[in-house]
Amino acid sequence: MSAPAGDGARAQPPRAPEFFVVGHAKSGTTALHEMLRRHPQIFLPEAKEPWYLARELHDRPPPRPEGLAADDEEYLALFARAGAGQRIGEVSPLYLWSRTAAGAIARISPQARVVAILREPASFLRSLHMQFVESYVETEGDFAKALALEDARREGREIPPYTYWPRTLLYSEHVRYVEQLRRFHELLGRERVLVLIYEDFRRDNEATLRAVMRFLEVDDTVAVQSVTANPTVAVRSQRLHELVHAVSVGRGPVSLAVKRALKRVTPTGARRRALHATQRNVLFTEPAAPDERLMLELRRRFAPEVAAASEYLGRDLVGLWGYDRLA
């Protein structure tokens, strides 16, 4: 037990995270988060993705109950329950995309270790687009049309009125792998950055997880339980999806009346479960097969980035991802 106040005891200073899983999204970060947080020598906040260290994500805070940390004190409070012998970490997949997160991580935790996960660009962007539609970041449900809007959005046009992360809709900026990794390498050193490949993780969860444990210098012999990754889903009806979102986050009389009625008749936990079930069963469905012509076009477009990443990392991503077989 801690000594009572007045007996010379001092409160322990807040501890900053010692490692960060920085992304990318839709590349196994949710599964990795769930597996790591079960390790007795690791502490991760229950709520994934604090987003605090990527200032680009603070322009329009997303409608989450816990909000975003406003300053270092609030951010470090997320890790206050960590045990003295535990390694502290956090998982925010958009940190790898962010131009500011690497510098913020180096400031708050100069000796931090970083885990990055790269995925074949075309499949990554397709899954990312569906996630953005699901989470109300994107309103253009057609992947090809969303990609075609990038130039207009870079000029501030065609931005969805209620999106909270407009900058993330520049899809091509998510696959600038060498540029992203170099930011972390220059500030933290290459030896402090572990780069994983999504396809390796998907093929063998356990081997990849144990490599991460060794990198973090925790016991890599503990029992490992695989976790199902966060599934990619497609929106059934964009209009219905936007209507549900408007009611859930709105402050107008209709929204408030609906929420008051639900609150009166449904306990909090049940409301959350019911909302989740409704979204999964009514709003979302299994994604359709990808448009192979579009996927081939994207692979050709991003082939130079894949070749550059292969050379930069000393790994044949060109062959692994099939870019050596492009027609």
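**Entry 1: β4 and its neighbours.** I looked up Leu118 and found it standing opposite Ile197 in β5. I'm working from a predicted model here. The pairing between β4 and β5 (residues 193-197) is parallel and runs over five bridges. Then I checked β1, which also pairs with β4 in the parallel sense, over four bridges. There, Val21 has Val115 of β4 as its bridge partner.

**Entry 2: is β4 buried or exposed?** I counted six of its six residues as buried, so β4 is largely enclosed by the rest of the structure. I sorted them by side: Arg113, Val115 and Ile117 sit on one, while Val114, Ala116 and Leu118 sit on the other. Both faces are covered. That sorting works because side chains in a regular strand alternate between the two faces of the sheet.

**Entry 3: helix α1.** Next I went to α1, residues 29-36, where six of the eight residues are buried, so this helix too is largely enclosed by the rest of the structure. I noted the buried ones as Thr29, Ala31, Leu32, His33, Met35 and Leu36. What covers them? I found β4 (113-118) and β1 (19-23) in the cover, which also includes β2 (42-43), β3 (87-91), α8 (198-203) and α9 (205-216).

**Entry 4: α7 against α13.** Last, I looked at two helices, α7 (residues 177-188) and α13 (residues 292-313), whose axes come within 8 Å and cross at roughly 35°. From α7, I listed Tyr177, Val178, Leu181, Arg182 and His185; they meet Glu305, Ala308, Ala309, Tyr312 and Leu313 of α13. By class, I get seven nonpolar, one polar and two charged residues in this contact.

How values were computed:
Residues numbered from 1 in each chain as written. Predicted model: local features only at pLDDT ≥ 70, side-chain atom pairs only at ≥ 80, totals over all residues. Heavy atoms only, no water. Axes fitted to C-alpha atoms, helices over the stretch in contact; angles between N-to-C directions. Contact = heavy atoms within 4.5 Å. Nonpolar A, V, L, I, M, F, W, Y, C, P; charged D, E, K, R; others polar. Buried < 20%, exposed > 50% of the residue type's maximum accessible area, 1.4 Å probe, protein only. Pairing = 2+ DSSP bridges.
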